[in-house]
Amino acid sequence: MAMRDRDQPFRRIAVLGSSGAGKSTLAVALRADTGLPVVHLDKEYWQPGWTEPDRDAWNARIAGLAAAPEWIIDGQYGSSLHARLTRADLAIFLDLPTSVCLWRVGRRIAGSYGRVRPDMAAGCPEKVDLEFLHFVATFRRLQRPKVVAALDGSGVRTVWLRSPRAQAGFIMTLRESGLAAAVDAAPGWPQPSGFSSTTM
C-alpha cells in the first residue's frame, strides 16, 4: 500500500456510478495509491441473506461513515448521495454506457455465482436477480439524473469518466503518476448551466 502524501488534497473520495461501472475496482486502485481506507457501501448495506437494514439505522450508518476524516466510499445508494458529497473533496463519476455495465454485471455473475465477493457483505452470495438487472438497465434513465442533480449542487471537484478507455486511462495515470496527476489529466464535470441530465 502506498504511503499517504500529507500534501495530498483529496482525503475523502466518493466513487459513483451504476452497478457494473467499475466502482469497486477503481476504489481498490485509489487505495493502493493513496493509502486511504475503502468503504464498499454494498458491504455496509446488506445483511446476511440479502436482508435490507432498517432505514433509520442505515441513515445513521452513512452519517457515521461520512463523518470520518479520510475515506474512499464506493457505491451509488442515491438516498445517501447528499451526505457523502457534502463531506467529499473529490467525486469520481463512472458514467459508462448501459451496455458496458450490463456486460460487466453478467460477467461478474458468471464468475462469482454462489460465492461472496470481497466487496459484498457476508452471507450475500452472487446470484441472478432480475430486479437488480432491471436497475442496471434503467440506470441512465431513472438514476443518472439524480446523480447529475447531486453533483451540480455539491460544488465538489468531480472527475467524469464516460468510457472504459477513459476509465483505464485514469487508472494508468493514477498508478504511474499519482492521484493529483490523474485528476488533473481527467475530464471534469461541466458547469450546471446548459447541461442536460440526459447528455450521453
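Predicted model: local features only at pLDDT ≥ 70, side-chain atom pairs only at ≥ 80, totals over all residues.

Trainee: Why is Arg12 called buried?

Mentor: Buried means under 20% relative accessible area. Arg12 has a relative accessible area of 17%, so Arg12 is buried.

Trainee: What makes the pair Arg12 and Asp89 a salt bridge?

Mentor: The term asks for a side-chain nitrogen of Lys or Arg within 4 Å of a carboxyl oxygen of Asp or Glu. For the side chains of Arg12 and Asp89, the N to O distance is 3.9 Å, so the pair meets the cut-off. The structure holds 10 salt bridges.

Trainee: Which parts does the pair of Arg12 and Asp89 tie together?

Mentor: Arg12 belongs to strand S1 (residues 12-17), and Asp89 to the loop between helix H4 (81-87) and strand S4 (90-94). The pair therefore ties together parts that are 77 residues apart in sequence.

Trainee: How do you know that Arg117 and Glu126 form a salt bridge?

Mentor: Their side chains meet at 2.4 Å, N to O, and the limit is 4 Å. Arg117 has a relative accessible area of 10%, so Arg117 is buried. Glu126, with 6%, is buried as well.

Trainee: Are Lys127 and Asp129 buried or partly exposed?

Mentor: Partly exposed lies between under 20% for buried and over 50% for exposed. Lys127 has a relative accessible area of 31%, so Lys127 is partly exposed. Asp129, with 24%, is therefore partly exposed too. Lys127 and Asp129 form a salt bridge, with their closest N and O atoms 3.9 Å apart. There is also a network: Arg108, Arg117, Asp119 and Glu126 are joined by salt bridges that share partners.

Trainee: What makes Tyr113 exposed?

Mentor: Exposed means over 50%. Tyr113 has a relative accessible area of 56%, so Tyr113 is exposed. Tyr113 sits in the loop between helix H5 (98-112) and helix H6 (130-137). Together with Val128 and Leu130, Tyr113 forms a nonpolar patch on the surface, with about 380 Å² of accessible area between the three.

Trainee: Why are H5 and H6 called roughly antiparallel?

Mentor: Angles over 145 degrees count as roughly antiparallel. The axes of H5 and H6 cross at roughly 155 degrees and come within 9 Å. H5 and H6 are therefore roughly antiparallel to each other. Thr98, Cys101, Leu102, Val105, Arg108 and Ile109 make the contact from H5, and Phe132, Leu133, Val136 and Ala137 make it from H6.

Trainee: Why does Val38 count as buried?

Mentor: The relative accessibility of Val38 is 18%, so Val38 counts as buried, the limit being under 20%. Val38 lies in strand S2 (residues 38-40). Leaving aside neighbours within four places in sequence, Val38 is in contact with Ala27, Arg31 and Ile72. Val38 and Glu70 are 32 residues apart along the chain, and their C-alpha atoms are separated by 9.2 Å.

Trainee: Is Asp33 buried or partly exposed?

Mentor: At 23% relative accessibility, Asp33 counts as partly exposed, because buried needs under 20% and exposed over 50%. Asp33 is in helix H1 (residues 23-34). Asp33 and Arg175 are 142 residues apart in sequence, while their C-alpha atoms are 6.7 Å apart in space.

Trainee: How do you know that Gln143 is buried?

Mentor: Gln143 has a relative accessible area of 18%, and buried means under 20%. Gln143 therefore is buried. Gln143 lies in helix H7 (residues 139-154). Not counting residues up to four places away in sequence, Gln143 touches Phe135 and Thr138.

Trainee: What is phi of Trp50, and where is Trp50 found?

Mentor: Phi of Trp50 is near 55 degrees, a positive value in a residue other than glycine. Trp50 is found in the loop between helix H2 (41-45) and helix H3 (55-67). At 22% relative accessibility, Trp50 counts as partly exposed.

Trainee: Why is Tyr77 called buried?

Mentor: Tyr77 is at 18% relative accessibility, so Tyr77 counts as buried. Phi of Tyr77 is near 40 degrees, a positive value in a residue other than glycine. The loop that holds Tyr77 runs between strand S3 (71-74) and H4.

Definitions and conventions: Residues numbered from 1 in each chain as written. Heavy atoms only, no water. Patch = residues over 30% accessible without salt bridge, like charges linked within 9 Å, V, L, I, M, F, W, Y side chains within 5 Å. Areas by Shrake-Rupley, 256 points an atom, 1.4 Å probe, with all protein chains shown as cover. Helix = DSSP H or I, 4+ residues; strand = E, 2+ residues; numbered from the N terminus. Buried < 20%, exposed > 50% of the residue type's maximum accessible area, 1.4 Å probe, protein only. Axes fitted to C-alpha atoms, helices over the stretch in contact; angles between N-to-C directions. Parallel < 35°, antiparallel > 145°, perpendicular 65-115°, else oblique. Contact = heavy atoms within 4.5 Å.
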